[in-house]
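Please read it alongside the structure shown below.

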There are 2 protein chains.
Amino acid sequence: MTAAASRKILALNAFGDGDAARLDPETAALVARRRRTFGPTSVLFYERPLHVARGEGVWLETADGTRYLDVYNNVPSVGHCNPRVVRAVAEQAATLNIHTRYLYDVVHTYAERLLATFPERDDYRAVFTCTGSESNDVALRLAAIATGRSGFVVTEGAYHGNTTAVAEVSPSSRPGKPLAPHVRAIPAPLAGDAAAAERFTADLEAAIASLKASGHGFAGLLVDTIFSSDGVAAEPAGFLKPAADAAHAAGGLVIADEVQPGFGRTGAHMWGFQRHGITPDVVTMGKPMGNGIPVGGVVAREALLQGFADSVGYFNTFGGNPVASAAALAVLDEIEERGLTAQAGAVGRHLLAGLESLKSRHPAIRAARGAGLYLGVEFADDAGRPDAGLTSRVINGLRDRRILIGAAGIYGAVLKIRPPLVFETSHADRLLEALDETLAAEG
Amino acid sequence: MTAAASRKILALNAFGDGDAARLDPETAALVARRRRTFGPTSVLFYERPLHVARGEGVWLETADGTRYLDVYNNVPSVGHCNPRVVRAVAEQAATLNIHTRYLYDVVHTYAERLLATFPERDDYRAVFTCTGSESNDVALRLAAIATGRSGFVVTEGAYHGNTTAVAEVSPSSRPGKPLAPHVRAIPAPLAGDAAAAERFTADLEAAIASLKASGHGFAGLLVDTIFSSDGVAAEPAGFLKPAADAAHAAGGLVIADEVQPGFGRTGAHMWGFQRHGITPDVVTMGKPMGNGIPVGGVVAREALLQGFADSVGYFNTFGGNPVASAAALAVLDEIEERGLTAQAGAVGRHLLAGLESLKSRHPAIRAARGAGLYLGVEFADDAGRPDAGLTSRVINGLRDRRILIGAAGIYGAVLKIRPPLVFETSHADRLLEALDETLAAEG
């Protein structure tokens, strides 16, 4: 049932063939060009897709000059077309762009700054990749090599990336399909109470026992520390600690997928795992790292990297190249100098309070939860069942009100709030007002 | 023996711990920073690594102001810091950089231009990724899904990328290790004669039979169409045709890995496979596509992409983003408007003739071969055995003469010539002269 339901994640808010008649001629022409060039692989958002022409800060502007408040995109974390990042990229691209088999400064300057955000261990080292998918692909091998085992535990709505190996540990990418034999999926503790946290650790222990019994053994626990695609799970802070302890006790690694929660998104900390007081063996990152310039990374204990180097080795042609490093360094400068982590915390608290207030007036809101600027709003019908239909109507209703947003969760019934980190209180108020109007129009 | 020998590819020209004493203080300090940030995973080139500070055209300049002629780097294909690419990246980064779930023009403009370089089929469609590794990872799944089988045939020195799945079909990444059970490796036809070409097809047929007997079945033939890491195989043109026919006759797909030979490198054609008169089912690309901005791609028959979309789906956050697309479009503009494919052919012919002339004076040169600006110079000792030691000394001798170059081949005894495509006859002459001097100093 879970797997079938998760099909909704993919289908939700997707443009379909039947929608073509609704398009204006210019958009229809672009959709036709897209069909001739991309073919069938790429999903397009919205019944009436957006033809976007410009971006700035928290705003995306379509070709017809309409501005939309962007509550969806977590890649341009320090703002669309952030001038500091643009300048860093332009200057570095004009000076030097090679690979890490030569020496150059900027990648090490960046790596030093990045590693300094991990006070938990002094034996962490960095491997640079181009995408979060590549980072998680490396992480899986680090765990398999270190433990000599192949089994992984993930959450049932998890998405960790698109490579062959990573898609196998991403249940949300395999709607309607059984899990791979070396993978066990457990529910994310969405309820946010102590009982859910306890159940999460118990489910993990049962999954580990199942992997051991199957002969795959337990190589590691791989979790997105804000549980983005499961529908956002943040409370009670610290709930990952007993789970991480259980994973370590079973001889497995703890891999924190920080592709979505990392780089200040969850408010109080640079990394989502810090909210839980755990020390992962491997940390993976991607999306916001270069504000849209492709760059990803793996931070791991040196001993794990040594085992990997002795086994298959690793080289990534573009990974950590000077342009990617310069972009990532500018992003870190922006986060630190502008205090964006604290801002995400403050604006997120304001937003969460506003959502709680809306909940009291709109019974369709079953729950509002999250941390910093990664929040989820869960919709339910009168019988308390997840309401993906309403979620979809809300997404389109907000589009009509010039706000871009998406959905998550295994039932596709969680509105996903993860704007650029430069999102301010006034933007939060605009979102709350538009959500209020949209839900009122439903009732 | 092959696998053990291929360890040399990784080790060749690598900086080792024992080399640290030779470094000047500034380079030693940077190497120490690298050890503290990267740890053990990344191989650094040269006994005395280069601290590079600037790039321009075919030149790399170190921090001390020394200029090196770059004969190694095929990523900055239209020249280091190409002004048109730099401008395109800077302008697009300042305007819009999002993902392909919204509509925007530049990715489709690029895709149309890219697909127009494939006159072989009108049902080819494009999927954009960030790296050649991601592209080959997609290609493997396209073949597995289309055929329902898991077996692949590659060449014994092949390198196709760094993801878990792609490393399994890259024998050169697995020195000393047995091949994965679903993989068969056959020798590349390096001899360049009709007998070698016939043997290649016969070896492929035997490998297919072995995969069928093993139960894996034959999903596809995956080849780099210039056989870069095998040590370069280009002659006789057309030798891939009977092999591709045999692959198709066995119900498998033909995947042309154009990460290295593509985008005009082999001289007469945009794509290496065109030299052989074949029509691949899937074409993969990466490295030079964005001149260093991470971008890769897969071009495949629409029916294959439909099967993929129906199975697991695919979305790549950064793949085909506006900045990557703008960079790739500028690269294509440069290749086409400046006639770089024809230039690669002309300069490559001049270089190959010069290498043949050197061969007559230096018996250590066993063979010179290749197409366009992907050439290999094979070194042998007096007994005719591959000479990796000499190759290494030549690489360092050329560095002393301010030329950067690398090695390939399963014995690490092939000098790999693959400069930026803007390499001119005068640069070729400089390389020939320095190689002549270096070999004379050996004798």
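What distance separates the centres of domain 1 of chain A and domain 2 of chain A, taken over C-alpha atoms?

1. The model is predicted. Taken over C-alpha atoms, the centres of domain 1 of chain A and domain 2 of chain A are separated by 25 Å. The domain assignment places residues 2-35, 48-81 and 340-442 of chain A in domain 1, and residues 83-337 in domain 2.

2. The interface between the domains joins 35 residues of domain 1 of chain A in contact with 36 residues of domain 2 of chain A. Together the two domains bury about 2700 Å² between them, and 58% of that area lies on carbon and sulfur atoms. On the domain 1 side, the most area is lost to domain 2 by A:Val78, A:Thr341 and A:Tyr374; these residues together account for 23% of what that side buries.

3. Helix H7 (residues 194-214) of chain A packs with helix H8 (residues 240-249) of chain A at an angle of about 20 degrees, and their axes are 9 Å apart. Because of this angle, H7(A) is roughly parallel to H8(A). The crossing of H7(A) and H8(A) is right-handed.

4. H7(A) contributes A:Phe200, A:Thr201, A:Leu204, A:Glu205 and A:Ile208 to this helix contact, while H8(A) supplies A:Leu240, A:Pro242, A:Ala243, A:Ala246 and A:Ala247. By class, the contact of H7(A) with H8(A) comprises eight nonpolar residues, one polar residue and one charged residue.

Technical notes
Residues are numbered from 1 along each chain as its sequence is written. Chains are lettered from A and ligands numbered from 1 in the order in which they are written. This is a predicted model: local features need pLDDT of at least 70, side-chain atom pairs count only at pLDDT 80 or more; totals for chains, interfaces and linings use all residues. Side-chain values use heavy atoms; hydrogens and water are left out. Axes are lines fitted to C-alpha atoms, for helices over the stretch in contact, and angles run from 0 to 180 degrees between N-to-C directions. Helices (H or I, at least four residues) and strands (E, at least two) are DSSP runs, numbered from the N terminus. Angles under 35 degrees count as roughly parallel, over 145 as roughly antiparallel, 65 to 115 as roughly perpendicular and the rest as oblique. A crossing is left-handed if the near helix is turned anticlockwise from the far one by less than a right angle, and right-handed if clockwise. Contact means heavy atoms within 4.5 Å. Ala, Val, Leu, Ile, Met, Phe, Trp, Tyr, Cys and Pro count as nonpolar, Asp, Glu, Lys and Arg as charged, and the others, Gly among them, as polar. Domain bounds come from an automatic or database domain assignment. Buried area is the accessible area (1.4 Å probe) that two parts lose on being put together, summed over both.
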